[in-house]
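Here is a friendly note to read alongside the model. Please keep the structure open and look up each residue as you come to it.

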Amino acid sequence: MKILVDSGSTKADWIAIDDNGKVQFTTQSLGLNPEVLDKEEIISRLEDKFDISQNKDKVKQLFFYGAGCGTDRMKLFLKEIFQNYFKNAEVDVQEDTYAAVYATTPKGEQAIVCILGTGSNCSFFDGKVLHQKVQSLGYIAMDDGSGNRFGRHLLRGYYFNKMPKELAKEFEKEFNLDADYIKENLYKEPNPNAYLATLAKFIIKHKDNEFCKKIIKSELKKFTKNYIMQYDNCRDVYVHFVGSIAFYLKDELEEILNKYDIKIGNVLRRPIDGLIAYHVLNK
């Protein structure tokens with residue numbers, strides 16, 4: 001059995017396949033970002049899923065593509081955990097951008113590939129290797145255009161009384177905005193970035209509101225300038241996107257890119273299905 005995993009900070013999609021690509025089971029766990037989780041929490045999240053825990057000894061290969069796996073130290077940390085948990089498996093850990101690349105460039109063509117979900121990322125794929133000009137410092141310092149950035153803007157707008165009153169009332173109806181609850185999620189619970197990103201659905205729902213529209217435009221412009229335009233060839237190749245923020249804000253994203261004469265390519269909500277075809281071809 002071969003397991004493919006596409007993990008963000010919020011959630012992780014798991015698909016188990018046989019050598020011919022036939023699906024054995026699919027499941028979804030909480031995200032497994034090694035930058036914000038310790039070993040015990042990661043194992044707990046694996047044990048929490050019946051399909052994963054019951055089949056762990058049957059797994060011969062595990063291909064994990066995850067947020068927070070951009071450095072060798074984080075890759076090794078996660079690989080050791082998986083190697084001990086899936087005792088009979090060969091384990092390969094790569095940053096989540098590779099999952100996005102394999103899903104959006106089926107013929108291996110050159111492209112800039114971006115992730116806009118809970119976090120954000122951008123790389124140039126030369127047809128064989130990923131080249132990254134910006135190393136992530138995590139959600140506090142970076143992640144322009146991401147779900148957690150939008151959540152941060154919403155909380156600040158609400159608490160600084162900058163959010164329009166009618167919009168604030170809608171915000172109060174949908175989320176627990178008690179200060180103690182928010183601080184508990186931000187400073188004591190695991191995955192504060194994922195918590196912030198859960199608020200982003202509000203900004204997408206109200207994206208035509210001027211307050212939300214201004215935030216969206218500002219963040220997408222920052223992402224374009226700070227990430228995509230790092231590459232001198234950004235106007236010569238297609239720019240592909242993976243992630244829920246890119247998927248639901250595709251029109252807004254395309255409008256920003258057009259202003260910089262940048263060509264938008266494929267925009268996928270999640271890459272997991274495309275990974276099956278890739279791994280069957282490259283077994």
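1. Let us begin with a term. A salt bridge is a side-chain nitrogen of Lys or Arg within 4 Å of a carboxyl oxygen of Asp or Glu. Glu252 belongs to helix α12 (residues 250-259), while Lys207 sits in the loop between α9 (200-205) and α10 (210-226), so the pair ties together parts that are 45 residues apart in sequence. Helices (H or I, at least four residues) and strands (E, at least two) are DSSP runs, numbered from the N terminus.

2. A word on what you are looking at. This is a predicted model, in which local features need pLDDT of at least 70 and side-chain atom pairs count only at pLDDT 80 or more, while totals for chains, interfaces and linings use all residues. Residues are numbered from 1 along each chain as its sequence is written, and side-chain values use heavy atoms, with hydrogens and water left out.

3. How many salt bridges does the structure hold? There are ten. Another one joins Glu210 and Lys213, with 3.4 Å between the closest N and O atoms. These two residues are three apart in helix α10, so about one helical turn separates them. To describe their surroundings we need three words: buried means under 20% relative accessible area, exposed over 50%, and partly exposed in between (1.4 Å probe, protein chains only). Glu210 is exposed at 55%, and Lys213 is partly exposed at 37%. Lys207, from the first point, is partly exposed at 22%.

4. Now move along α10 to Glu219 and Lys222. Their closest N and O atoms are 3.7 Å apart, and they form a salt bridge. Here too the residues are three apart in helix α10, about one helical turn. Is Glu219 buried or exposed? Glu219 is buried, with 0% relative accessibility, whereas Lys222 is partly exposed at 31%. Salt bridges with shared partners connect Glu219, Lys222 and Arg149 in one network.

5. Next, the cysteines. A disulfide is a covalent bond between the sulfur atoms of two cysteines. The cut-off used here is a pair of cysteine sulfur atoms within 2.5 Å. By that rule, a search of the whole structure finds zero disulfides. Cys122 is buried at 2% relative accessible area, and Cys212 is buried at 0%.

6. Please trace the sheet. Five strands make an open sheet with mixed pairing, in the order β8-β7-β6-β9-β10; two strands pair if DSSP finds at least two bridges between them. At the edges are β8 (130-131) and β10 (264-268), each pairing on one side only. Strands β6 (residues 111-116) and β9 (residues 239-242) run parallel and are joined by four bridges. Within this pair, Ile112 has Val239 in β9 as its bridge partner.

7. Helices lie against this sheet. Contact means heavy atoms within 4.5 Å, and axes are lines fitted to C-alpha atoms, for helices over the stretch in contact, with angles from 0 to 180 degrees between N-to-C directions. Helix α4 (residues 96-104) lies across β6, β7 (120-125), β8, β9 and β10, at about 125° to β6. Helix α10 also packs on the sheet, touching β6, β7 and β9, and its direction makes about 145° with that of β6.

8. Thr118 is in the loop between β6 and β7 and is buried at 15%. Its side chain makes a polar contact of 2.5 Å with that of Thr10; such a contact is a pair of N or O atoms within 3.5 Å, where within protein one must be able to donate a hydrogen and the other to accept it, and residues adjacent in sequence count only if both atoms are side-chain atoms. Leu154, in helix α5 (residues 147-159), is buried at 0%. Beyond four places in sequence, its contacts include Met163, Phe171 and Ile203.

9. Finally, check the backbone. Most residues other than glycine have a negative phi. Asp143 has a positive phi, near 65°, and lies in the loop between β8 and α5, where Asp143 is buried at 7%. Asn191 has a positive phi of about 60° and sits in the loop between α7 (179-187) and α8 (192-198). Asn191 is buried too, at 4%.
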